[in-house]
Amino acid sequence: MPDALQFPIIDLSFPDRFSIANLIRQGCVDHGFFYLVNHGVDEELISKVFEQSSNFFSLPIEEKMKLVRKNHRGYTALYAEKLDTTLTTEGDSKESFYIGPLADDLNQWPLEEDLPSWRSTMETYHQKLLSAVTKLLSLIALSLKLEEDFFEKVGALIEPLAFIRLLHYPGDLNSSSEEIFGASAHSDYGMVTLLVTDGVPGLQICREKSKQPQVWEDVPSMSGAFIVNIGDMMERWTNGLFRSTLHRVLQPRQDRYSVTIHPFLFTCSVISCVICSWGRKIEMLHSLQILAKTVLWNVWKAVALSLVH
């Protein structure tokens, strides 16, 4: 039996920031994953988020479909998404709810009389998570031998496109002969992802995604910790030094709930500009492309120098 995966544990309250940055570097190079503790998000708030998430997903499907996803916000039903498009199955056995940036007024919310305090709980959680991610990004900059305010200086923290996803994997689905996943194999396309789960197992990673046959390893949950993984964008920015690892979620035997946040997605910003308007957004699109290229060039340069030294 293979040894259990052991990711570095990153403590945001630890005073020696350079030691923590080196641990982040180790986790990002070896696995593309690490745990984040003392992140400033209260366990009581996290428990409320899970409670409110369960309350929503327990509603009748007719009520949930009133908030069906538009503008990348709202509800997606069971089997509506399939992350691994090479599969012949109908879709992933999960339902989800997307919450985007709070300032753009595009989010959809359940009625207060139906789910009291639901919106305020999610808004508070969104704000707390952004604060934690901002602190984490400064450590990631240090891990790349950059100044810790690097991402702030290049504008990566200006109007961040951060999306929360509430996820429910039902555990009482009828079994069939075909293999169905809660979330089929994929890598994330942004900078980093922060995940918190209810402790029900199911998450697996494949460290060598190009090798066959693929070897999948279980990721243990850690009470009070976020599971952090690197996305495709960060892998590209670091010229492959940090790895965006293939991962999936098995169909659980009991209901499984998790919450992710995907912050600071330049790619989504560019796509949104093209879709929303072909006129006045062109200048913004050009600026975002320059910003993304500036970050890319500076990260590559810093990584190259760090490898030389």
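The largest nonpolar core has 56 residues, and Tyr125, Ile140 and Leu194 have the most contacts inside it. By nonpolar core I mean a set of buried Ala, Val, Leu, Ile, Met, Phe, Trp, Tyr and Cys residues joined through side-chain atoms within 4.5 Å. Buried means under 20% relative accessible area, exposed means over 50%, and partly exposed is in between, with a 1.4 Å probe and protein chains only. Helix α4, residues 118–143, gives the most to this core: twelve residues. Apart from that core lies another, of 15 residues, including Tyr35, Leu203, Ile205 and Ala225. As background, nonpolar side chains in soluble globular proteins tend to be buried together.

Before going on, some bookkeeping. This is a predicted model, in which local features need pLDDT of at least 70 and side-chain atom pairs count only at pLDDT 80 or more, while totals for chains, interfaces and linings use all residues. Residues are numbered from 1 along each chain as its sequence is written, and side-chain values use heavy atoms, with hydrogens and water left out.

The protein has eight helices and twelve strands. Helices (H or I, at least four residues) and strands (E, at least two) are DSSP runs, numbered from the N terminus. Of its 309 residues, 51% count as buried. A contact here means heavy atoms within 4.5 Å. Among contacts with a separation of 6 or more, 78% come from residues 24 or more positions apart.

Which residues does Leu194 touch, not counting those up to four places away in sequence? They are Leu36, Leu129, Val133, Leu136, Phe226, Ile227, Val228, Val259, Thr260 and Ile261.

One of those, Val259, sits in strand β12, residues 256–262. With a relative accessible area of 1%, Val259 is buried. Leaving aside neighbours within four places in sequence, Val259 contacts Val49, Phe50, Tyr125, Ile164, Arg165, Leu166, Leu194, Leu195 and Val196. Val49 is 210 residues from Val259 along the chain, yet their C-alpha atoms are separated by 8.5 Å.

Next, helix α1. Its axis comes within 8 Å of the axis of α4, and the two cross at roughly 80°. That makes α1 roughly perpendicular to α4, a term for angles of 65 to 115 degrees; under 35 counts as roughly parallel, over 145 as roughly antiparallel, and the rest as oblique. Axes are lines fitted to C-alpha atoms, for helices over the stretch in contact, and angles run from 0 to 180 degrees between N-to-C directions. On the α1 side of the contact are Arg17, Phe18, Ile20, Ala21, Ile24 and Arg25. On the α4 side are Lys135, Leu136, Ser138, Leu139, Ile140, Leu142 and Ser143.

Finally, the backbone. Most residues other than glycine have a negative phi, and most peptide bonds are trans. Where do we find departures? Tyr79 has a positive phi, near 70°, and lies in the loop between β3 (74–76) and β4 (95–99). At 24% relative accessibility, Tyr79 counts as partly exposed. Lys145 also has a positive phi, near 65°, in the loop between α4 and α5 (150–153). Lys145 is partly exposed as well, at 47% relative accessibility. The peptide bond from Gln212 to Pro213 is cis, with omega near -5°. Pro213 is in the loop between β8 (203–206) and β9 (217–218).
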